[in-house]
Amino acid sequence: MKTVQVNIVTPDGPVYDSEVAMVIAKTVSGEIGVLPGHIPMVAPLAISAVTLKKDNGSSEVVAVSGGFIEVRPDKISILAPSAEVASNIDVARAKEAMKRAEERLQKKQDNIDFKRAELALKRAINRISVHEGN
Ligand code: ATP
């Protein structure tokens with residue numbers, strides 16, 4: 001088996017669907033590289049970049065805002081609250097979101113707002129970094 005089918009799906013619909021040679025993802029307990037034929041597993045993802053390596057040597061990067069990766073030998077599914085292919089990221093929007101989140105964090109209101117702002121900041125930083133190819 002040289003490639004595996006990868007689907008990235010959000011509540012708004014499918015974001016990515018392709019045959020790839022390797023998936024590199026960041027679970028909450030560390031980075032994993034998944035090759036075709038991998039044993040089944042499910043793991044929660046960090047707010048992070050997913051790298052999809054094609055068998056022609058090229059690769060694509062998708063920003064995911066958490067969710068889960070489900071691995072089966074012939075299919076990998078990523079279910080995320082939101083996800084964007086690098087080329088579809090609106091970097092100006094992410095910078096605005098980052099600014100808003102930073103302002104909220106500086107105000108230090110109650111705990112719930114703080115946690116929400118922290119997550120919004122992480123999503124924004126992740127989008128900017130994926131857009132910039134880091
Ligand atoms: P914002 O405050 O800018 O809405 P957010 O982190 O709260 O950012 P999400 O709730 O994660 O946004 O996503 C809402 C929808 O908007 C999703 O479909 C997501 O893919 C899309 N989205 C969010 N930010 C961007 C961006 N910078 N570029 C492209 N799509 C984005």
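**Entry 1: the antiparallel sheet.** I started with the open sheet of 5 strands that runs β4-β3-β6-β7-β10, and I noted that its pairing is antiparallel. This is a predicted model, so I read everything here as computed. Next I looked up the edges: β4 (30–34) and β10 (83–85) sit there, and each pairs on one side only. From one strand to the next, the twist averages 20 degrees.

Entry 2: How many bridges join β7 and β10? I found 3, in the antiparallel sense, with β7 covering residues 59–65. For a landmark to click on, I picked Val 64, which stands opposite Ala 83 in β10.

**Entry 3: the mixed sheet.** I then turned to the open sheet with the order β2-β1-β9-β8-β5. It also has 5 strands, but here I wrote down mixed pairing.

**Entry 4: β8 and β9.** A reminder to myself: strands of a sheet pair through backbone hydrogen bonds, either parallel or antiparallel. Which sense do β8 and β9 take? I have them as antiparallel over 5 bridges, with β8 at residues 68–72 and β9 at residues 75–79.

How values were computed: Residues are numbered from 1 along each chain as its sequence is written. This is a predicted model: local features need pLDDT of at least 70, side-chain atom pairs count only at pLDDT 80 or more; totals for chains, interfaces and linings use all residues. Side-chain values use heavy atoms; hydrogens and water are left out. Two strands pair if DSSP finds at least two bridges between them. Helices (H or I, at least four residues) and strands (E, at least two) are DSSP runs, numbered from the N terminus. Axes are lines fitted to C-alpha atoms, for helices over the stretch in contact, and angles run from 0 to 180 degrees between N-to-C directions.
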